[in-house]
Amino acid sequence: SSEHLLIRASTMGKDKKREAKNTTDTLGMSSTERILKRIHELYEKGLNPGSDGSVGLLSVAADPLLRLNIYKPRKKVNVMLIGNHSAGKSSFINWYIGESVQTTGVAIETRGFTFVTSGRKRDTLKGDATFAFYDHINGLSKFKGISENVFTEISTSKDRNFSCVDLVDSPGLVDGEMEYPFDVTESIVFLADHVDLILCFFDPIGQALCKRTMRTIERLNEHHAEKLAYYMSKADQVEKEHDRQRVLIQITQNLAGRIKNSHAFKLPTIYLPRDDLAVPIPNALEEVCDDIDKAIRLTVQKNLTTMRDDCDAIVAEIANARELNGRRRRDNASATAKGWALMVFGWTVLATLFYVAVLEACATKPVTTALRTHALPALATQPVFRDLVEGLLPDGGRRWFGVEHGGAIAMGVLAVTFLIIQFVKSRVWKLSPTMTKKDAKRLAGYETYVKEVKAVREELYKEYFKQIHDNA
């Protein structure tokens, strides 16, 4: 009908708009960003994120037929910066993204956590809005006094690999009288579970050796040693080589007993680029960027592996669901056969009970007299029914093998037998729920769908390897 044509045309128009929007969104993306975004989409929106009815891997796994718990990989790498106050964490973030989103200075500027992320327009989020934006760190809100000290800065910068990274600026760590509005060490340890890389900055002029910084690093080394990277920041403030070496030795000695894998320990010197240096000072700033890039590459690999494992888990669960359904159908068939057998047996016992009850009723004097006086004469012309009635009447012999009240006993036994049969039947004849044809068709659709997702994963892997090859 014309109405259906209009609706279809409207739907197609919306799909084309979504497709055009998605194409526009991906034009300015790096290959790595596209891969991470695509993986995220496959989990949330499926193969055709712009189409109505497209379902992601999360929805497939959560189907009542499967009930499989999987979790979507994050589409950005999370990097946390820690260190004493004025160690240059905020300055590094501003330099990395090419925009001044963080306040810098000698004073203790950062007393809370600031998440710096890329977006389409410049914006600032506070407390609850940040927890809603980063739902995976919602547990951070359990720390008393932290909600008022958590912020998100959204920048439009496209510098370096910022579009693939969320940077977390932590409070500057100091000793002495400084009081934080929340438990800063425990908060950092909590966030360490949710980040991919932790950059530790030590200021050669400030309190690089402050006890709180060392205590925090020691706690992080308990479970996250592989995430930690150490740098002596602001190296340009120590112009003499022997002074820098002295500071590096002091920091190394203080860290030695607190870190794991100390044999692989590195402490490069870094500082923000400047042109007015009288003497060249080694600057490993690009190593920091390389560490971030490495974390991004590892995250891409990890996400692609996770997607493969989740697809395999869904396919295995589909096979399990089919096997369970087949087993239930066989069990139901067996239970039904046993149930019918018990039901027929029960009917037989019930019929026998009814027959014994009729015999007992006919053996009573009033019924016997009535049948002999009225029923038998009336059935004189119908010998078959007459013989039947005569068979019900006592013939003067001894019934029930001479057992007194034998009929009543037989009725009691038959009644109890019938009740037992009914009980056993209720226990045996229990049917387990099985899949309908519609359910089986849905599972088959999921299986085909997951195979298509795995094919897309292979294409993403090829794109990833091509990018590595091109950058080599």
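At what angle do helix H4 and helix H9 pack, and how far apart are their axes? In this predicted model, helix H4 (residues 89–97) meets helix H9 (residues 285–362) at an angle of about 75°, and the two axes lie 12 Å apart. Because angles of 65 to 115 degrees count as roughly perpendicular, H4 is described as roughly perpendicular to H9. On the H4 side, the contact is built from Phe92, Trp95 and Tyr96. Helix H9 contributes Leu285, Glu286, Val288, Cys289, Ile292 and Asp293. By residue type, this contact of H4 with H9 comprises 7 nonpolar and 2 charged residues, with no polar ones.

Turning to charged pairs, the structure holds 23 salt bridges. One of them joins Arg122 to Glu99, with 3.3 Å between the closest N and O atoms.

Glu447 and Val315 are separated by 132 residues in sequence, yet their C-alpha atoms are 6.2 Å apart in space. Once neighbours within four places in sequence are set aside, Glu447 is in contact with Val315, Ile318 and Arg322.

The surface also deserves a look. Here Val416, Ile420, Phe423 and Val424 form a nonpolar patch, and together these residues have about 360 Å² of accessible area. Ile420, one of the patch residues, belongs to helix H12 (residues 406–428).

Definitions and conventions. Residues numbered from 1 in each chain as written. Predicted model: local features only at pLDDT ≥ 70, side-chain atom pairs only at ≥ 80, totals over all residues. Heavy atoms only, no water. Patch = residues over 30% accessible without salt bridge, like charges linked within 9 Å, V, L, I, M, F, W, Y side chains within 5 Å. Areas by Shrake-Rupley, 256 points an atom, 1.4 Å probe, with all protein chains shown as cover. Salt bridge = Lys/Arg side-chain N within 4 Å of Asp/Glu carboxyl O. Helix = DSSP H or I, 4+ residues; strand = E, 2+ residues; numbered from the N terminus. Axes fitted to C-alpha atoms, helices over the stretch in contact; angles between N-to-C directions. Parallel < 35°, antiparallel > 145°, perpendicular 65-115°, else oblique. Contact = heavy atoms within 4.5 Å. Nonpolar A, V, L, I, M, F, W, Y, C, P; charged D, E, K, R; others polar.
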